[in-house]
Number of protein chains: 2
Amino acid sequence: MAAYDELIKQCKEIATLASTASILHWDQQTYMPPQGAAFRAEQLGAISNLVHQRFTDPKIGDLISEAEQSDVVKDPESPEAANIRELRHAYDKATKLPTELVEEITKTTSLAQQDWVKARANSDFKLFLPWLEKVVKLSKEKADAYGYEGEPYNALLDDYEPGATVDEIVDVFEKLRNELVTLLQKIKDAPKKPDVSIVEREYDVELQRIFGESVAAAMGFDFTSGRLDVTTHPFCTGIGPGDTRILTRYNPNRLNDALFGIMHEAGHGLYEMGIDKKKYFGTPMGESVSLGIHESQSRMWENQVGRSKPFWKYFLPQAKRLFRKSLEGVELDDFYGAINNVTPSYIRVEADEATYNLHILLRFELERALLTGDLKPADVPGEWNDRFQKYFGIEVDKDANGCLQDVHWSSGLIGYFPTYTLGNLYSAQFFNKAKEDMPDLDEQFERGELLNLREWLRVNIHQHGQRYRANDLCKKVTGKPLDYKPLVAYMNAKFGEIYGF
Amino acid sequence: MAAYDELIKQCKEIATLASTASILHWDQQTYMPPQGAAFRAEQLGAISNLVHQRFTDPKIGDLISEAEQSDVVKDPESPEAANIRELRHAYDKATKLPTELVEEITKTTSLAQQDWVKARANSDFKLFLPWLEKVVKLSKEKADAYGYEGEPYNALLDDYEPGATVDEIVDVFEKLRNELVTLLQKIKDAPKKPDVSIVEREYDVELQRIFGESVAAAMGFDFTSGRLDVTTHPFCTGIGPGDTRILTRYNPNRLNDALFGIMHEAGHGLYEMGIDKKKYFGTPMGESVSLGIHESQSRMWENQVGRSKPFWKYFLPQAKRLFRKSLEGVELDDFYGAINNVTPSYIRVEADEATYNLHILLRFELERALLTGDLKPADVPGEWNDRFQKYFGIEVDKDANGCLQDVHWSSGLIGYFPTYTLGNLYSAQFFNKAKEDMPDLDEQFERGELLNLREWLRVNIHQHGQRYRANDLCKKVTGKPLDYKPLVAYMNAKFGEIYGF
């Protein structure tokens, strides 16, 4: 127990230092004056080095080993056992990467990103190709250093979705893809089309903020322990106990972007707020399970709640009070159609709910093939465009709208993409279970009551921190492992109604 | 040279880590959600411990010793020699305080501040007395631990004004006090009185921000490497190279507060921006000389520039464009009188230019006597009120308006107050010299040209970092040591004109 206590004390100290980087990063994306950028990079580097040094200190390894041999891990579902399990996992990963490899990756991705910006601007894949080759090579070396069972991709995926494997998800993903391609075809052939112009009128930015904050507050986002700011690339950051921040961007001629963006980030925020950080901050029990589970929370609030008809039955009249001109005379069904409009398009971050996962699945397939060696980096544009044609039914006009669009590969984030689709899958599974437990959930939404769902999520998911791995949590909560059917059923029902098929 | 280089490398690393505390503090005073306060204290504590540990490591002492015996200190005015001189000074001070004393002071002042808040609210000196006794006792112990020549107050003053001593300032302060008491009497007896109501009309807060930022920009405050925000207790913080932030508060019914507050903080900001941090950040050459010199920069811009007639000859028409109603038909002379109105009052932070230093001198006299033991903490209210009557000619109605008004003593900041008056003295001396070097300075101000003064300050003061101690810098720049005459002459001329004596 002494070793465990000492270990936890050390981890809390390290996490407190690490949390200063969250503020530095938040400030960098919000208020930092532009000329502060170079020094900010130094500050972030100093904290990151310090935290890495402290956490990879052999003393931490010794304390983990000692705790592993003690009674504290007796009950594998106890907070103590979960903490030790995940600390062991994190410590082994952190100590397995040779310093030279880490430095090589940092240097390469820093330069790669600069050329990627140019390559995307000029749609010049050749400029980016040598960097993609290096990143793939270094990613393989990283996977080798970590070690893995099955294929190398597993080692990378584990960085973002601990414990997940290709074997576990590939079958689900493939079935989902086939269903989505069919759904998209039905939507294209549909007799009804929503009128999107409703949400593309003038929407005053300050009123958007007021409306967005009032929706976030209705969701249970606590503005005494959180805040909303403006940034270029929206995100959510949990700084520590009592401090969770969400960020969005506003488009004065589109209601959707900030509104669903705020609901999305507030969904992440509720997860951060729902973890018992007062008790567990600095330990795995005080952290989210995985990027996939985190995304399940944001997507549930954004889509299952925010793009549902019951929700707007209550909130459309509210919105009309603020956006009097633009929403004058707009009917619920028409508004509901407008916010759920489906249009296949090139850019992932602008994709609608029905096509979003196709963007992800395409990337996952290419990444996996790059890692096994079945796909050469030079062949990425051709393969991308072929698959895009197959899944979306449209031709990619230029690589800037294809394989050059995302920052991830130039940043070395191979293995990250699948967590978006995992999030969507889990969100549908969790939401079905929540409806089963609260059969009147739709009626609650119609009255503007969102707090019972928030509490259900807190009890079933948030409060557990990393007690369970993602798929175990899914089984624990829903009784079933990862599955594509709930998401597909939800989409077919929703888009069937809107598009009339 | 190797020892010197290694020392500088270490110091830069430590300073980079320390600078994260500046962001944490800035965020705490601006955007942090209220429930983040407890964790913020932990973050600040962690950084502060880490920085103290790293800087007091015996290896740092060894490197300083080695560098002291090397050729790098040959030329005592070289950047290297200045760095070693000041690092030695800081290292010795940091290592001289026993950990138990530091912890005792931290604990005592934390509790003292809580009771001080209550004591001030209820004007209950008895509640505060035991804390004042403890703080004085601990301050003496601190002085003893540091060691000192002359009286113990010297050791404390040195924390804020390195190298300054009571002997050096007490005579100047006493003469200044006598002159100010005479000046105040003349003002009271004066035939003319300004009409302050001009600046106490409606001043839209957003327009105040726009006007304040445009004045700061005209001063040379660079908004690409700085910003202005709102807070409760205004301050300026230099985060690091390319990042200097100022803060103010707005009163919608008073123009003066934010306007001169912004000029004051922008004056501090120009100093931070004028130091060559790209080259010297993390070393004494990359830091300001002392609190007194820092205050000389803020007060010069606030008073000698901002409360001057030439300045307003240009800026009053600008202000009238923004505050059309409130400044309609206002004449330059009347406006000039209104912003320079003198009214003796109880509260230091609300004091005008003529009485401000009397507030400080009173505190300095009491602090010094508390440290020598000539004054007992229990006798502070009586002594305060007697002197207040003598200097200001008014009776203190309650201790909340007297000896309980400032946070400093409960925070353990004994020795800090004199730096305010040192700043005012230095500002008058520097400004006289600037006028000597640029005889057309008034005409420049009348054309809205403030950048030559800024450049003069950068060249003569800012760029030197800690190359010279405060009084040496004063001699270097003006040819004379600290003196009360320039400030008194400036005030007599200015208030003589306004009040007609």
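**Ground rules**

I am working with a predicted model, in which local features need pLDDT of at least 70, side-chain atom pairs count only at pLDDT 80 or more, and totals for chains, interfaces and linings use all residues. Residues are numbered from 1 along each chain as its sequence is written, while chains are lettered from A and ligands numbered from 1 in the order in which they are written.

**Chain A as a whole**

I began with the secondary structure and found 21 helices and three strands in chain A. Helices here are DSSP runs of H or I with at least four residues, strands are runs of E with at least two, and both are numbered from the N terminus.

Next I looked up the overall dimensions. The C-alpha trace of chain A spans about 65 × 50 × 50 Å along its principal axes. Its radius of gyration is 23 Å, which agrees with the value near 23 Å for a compact globule of 501 residues. That radius is taken over C-alpha atoms, and the globule rule is 2.2 Å times the number of residues to the power 0.38.

How much of chain A is buried? I noted 45% of the 501 residues. I call a residue buried if 20 or more other C-beta atoms lie within 10 Å of its own, exposed if 12 or fewer do, and partly exposed in between, with C-beta atoms placed from the backbone.

I also checked contacts, meaning pairs of residues whose C-beta atoms, placed from the backbone, lie within 7 Å. Of those in chain A between residues at least 6 apart in sequence, 72% join residues at least 24 apart.

**The sheet in chain A**

In chain A, three strands make an open sheet with mixed pairing, in the order β1-β3-β2. The edges are β1 (226-230) and β2 (236-240) of chain A, each pairing on one side only. From one strand to the next, the twist averages 20°; the axes are lines fitted to C-alpha atoms, for helices over the stretch in contact, and angles run from 0 to 180 degrees between N-to-C directions.

I count two strands as paired if DSSP finds at least two bridges between them. β1(A) and β3 (residues 243-248) of chain A run parallel and are joined by five bridges.

**The strands in chain B**

I then turned to chain B. β1 (residues 226-230) pairs with β3(B) in the parallel sense over five bridges, and B:Arg227 has B:Arg245 as its bridge partner. On the other pairing, four bridges join β2 (residues 236-240) to β3 (residues 243-248) of chain B, and these run antiparallel. B:Cys236 is partnered with B:Ile246, and B:Gly240 with B:Asp243. The hairpin of β2(B) and β3(B) has two residues between the strands, and there B:Gly242 takes a positive phi near 80°.

Is β3(B) enclosed or open to the outside? Six of its six residues are buried, so the rest of the structure largely encloses it. I went through the faces: B:Asp243, B:Arg245 and B:Leu247 are buried on one side, and B:Thr244, B:Ile246 and B:Thr248 on the other. β2(B) is mostly covered too, with five of its five residues buried.

**The two copies**

The contact takes 31 residues from chain B and 31 residues from chain A. On the chain B side, α1(B) gives the largest share, eight residues.

In α14 (residues 332-339) of chain B, the buried residues are B:Phe335, B:Tyr336, B:Gly337 and B:Ile339. They pack against α10 (256-274), α13 (309-322) and α21 (485-499) of chain B.

My last stop was A:Ala218, in helix α9 (residues 205-219) of chain A. A:Ala218 is partly exposed, with 18 other C-beta atoms within 10 Å. Leaving aside neighbours within four places in sequence, A:Ala218 is in contact with A:Gly448 and A:Leu450.

Note on methods. Two residues are in contact if their C-beta atoms, placed from the backbone, lie within 7 Å.
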